[in-house]
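Here's a quick tour of the model you have open. Grab your viewer and follow along, section by section.

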Amino acid sequence: MAILSSGENVFLTGGAGSGKSFLIRELRKSLDPKTTPLLASTGAAAVLLSGRTFHSFFGLGIMEGGLAGTRKRCLDNPKLMQRLRTIEGFIIDEISMIPGQALILAEELCREARGSQLPWGGLRAIVVGDFAQLPPVTRGGPRDWCFQTGVWEKSGFVNVILKENHRVLDPDFIDILGEVREGKVTPRVREFLENRVREHDDWDKSPRLFSRRDQVEGFNRQELAQLPGEDKHIDSIYFGTDKGVELLKKNGTIPEKLVLKVGCRVLFVQNDPQKRWVNGTRGTLVDITDDKLTIEKENWRHVTVERTQFSMLDGDGNHVASVVNFPVVLGYATTTLDEMWVNLSHLWEPGQAYVALSRLRTGQGLKLLGWTAKSFVVDPQVIRFYNELGS
């Protein structure tokens, strides 16, 4: 925490479960969100973090008109220029998903707004993430990693590399994950995977991990239908601008209609201010009324859950849309798990296999439907980058 509070530009990185999110939550307690905003790489993350997206904060939008057109539009935006003059710094979460061209332009805009040739116009930049997990969205050509830009080098980041895994309980599995993170399908990794290949058992109620959202939703509906009793349909309540509501429906974690049933497994998608649950806590719905849910967490403790508000902010931090509903979704698939079924045969992004396996607390809980070495690819540029960091 000393380095994070030092005033230096910082790159906070580490593997899955190393505590990056925890440290940023603690840091934010001492910072004014008006002068040091949290910027997320995606709309969905921004809603959950009560932050803003990187692209909206810097006025980039979807960068229509290309780099030159976006630059001109941003420089001609007095509201954006004023915003960049009034902050002291920012935090970017999941920096690995920010394309290099977007980072270059954001840094240039800061210098122009503040009339300074210092990196970021003298603003403090804290960037957080793991390039071995989530790549940037790149339309054709090589991946536009932001660590390859001149901006990254001149930002002079102090590198904070977290190496201890706080999620996984099994030391041998930690070693396996370390090799998978580097794209190494060693004999030990092969033996581990082969020993956990299973034929699918529909009666096994261990959660399933899927690579696509539609698969998650389909499996959740399938499991819900097997429970006795009637479905309870709870409509989400939206308010805000038409465009904001449309974006919130697209990016929000809370569905437009929450369908639950007593006895169903649920997953919390919010950190409770009273610390009764965190994002990712699992439980079973034991009672439901119009204004509250009673959920039995996995530690047998019962908690009462009321509706809450999730908001989407514009670049200035103003609410443009909000949704009100219970902070849970069906929990038969995804998240951090003690056991799970997963198929690692048809993945397409670098780091996906590592992300999937790192959801587990122990390797003994893995039930593998299949795998191929091609699914364990890691971009060699990422390996080179971390080797140079000394991680």
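## Salt bridges

How many salt bridges does the structure hold? The structure holds 15, where a salt bridge is a side-chain nitrogen of Lys or Arg within 4 Å of a carboxyl oxygen of Asp or Glu. Before going further, some ground rules: this is a predicted model, in which local features need pLDDT of at least 70 and side-chain atom pairs count only at pLDDT 80 or more, while totals for chains, interfaces and linings use all residues. Residues are numbered from 1 along each chain as its sequence is written, and side-chain values use heavy atoms, with hydrogens and water left out.

One of the salt bridges is between the side chains of Asp130 and Arg181, at 2.7 Å from N to O. Asp130 sits in the loop between β5 (124–128) and α7 (150–154) and Arg181 in helix α8 (residues 171–181), so this pair ties together parts that are 51 residues apart in sequence. (Helices are DSSP runs of H or I with at least four residues, strands are runs of E with at least two, and both are numbered from the N terminus.) Both Asp130 and Arg181 are buried; buried means under 20% relative accessible area, exposed means over 50%, and partly exposed is in between, with a 1.4 Å probe and protein chains only.

Lys249 and Glu256 also form a salt bridge, with their closest N and O atoms 3.9 Å apart. Glu256 is partly exposed at 45% relative accessibility, and Lys249 is partly exposed too, at 35%. Then there's Asp272 with Arg276, where the closest N and O atoms are 2.8 Å apart. Asp272 is buried, with a relative accessible area of 7%.

Now for Asp379, in the loop between β18 (366–371) and α13 (380–389). Asp379 is buried but has no salt bridge: Arg143, the nearest side chain of opposite charge, is 4.8 Å away. For charges, Lys and Arg count as positive and Asp and Glu as negative, while His and the chain ends are not counted.

What does the side chain of Asp379 make a polar contact with? The partner is the side chain of Trp145, at 3.0 Å. A polar contact is a pair of N or O atoms within 3.5 Å; within protein, one must be able to donate a hydrogen and the other to accept it, and residues adjacent in sequence count only if both atoms are side-chain atoms. The Asp379 side chain also reaches the backbone nitrogen of Gln381 at 2.9 Å. Setting aside neighbours within four places in sequence, Asp379 is in contact (heavy atoms within 4.5 Å) with Arg143, Trp145 and Pro350.

## Sheets and strands

Six strands make an open sheet with parallel pairing, in the order β3-β2-β4-β5-β1-β6. At its edges are β3 (52–53) and β6 (158–162), each of which pairs on one side only. Two strands pair if DSSP finds at least two bridges between them. Strand β2 (residues 38–40) runs parallel to β4, joined by two bridges, and Leu38 has Ile91 of β4 as its bridge partner.

Another open sheet has three strands in the order β8-β15-β14, paired antiparallel. β8 (237–240) and β14 (308–313) each have a single partner strand, so one side of each is left without a neighbour in the sheet. β14 pairs with β15 (residues 319–325) over six bridges, and Leu313 stands opposite His319 of β15.

Strand β7 (residues 232–235) pairs antiparallel with β9 over four bridges.

## Two positive phi values

Most residues other than glycine have a negative phi. Glu94 has a positive phi of about 55° although it is not a glycine; Glu94 lies in the loop between β4 (89–92) and α6 (100–114) and is partly exposed at 27% relative accessible area. Lys275 has a positive phi as well, near 65°. Lys275 is placed in the loop between β10 (265–268) and β11 (282–288), and counts as exposed at 69% relative accessibility.
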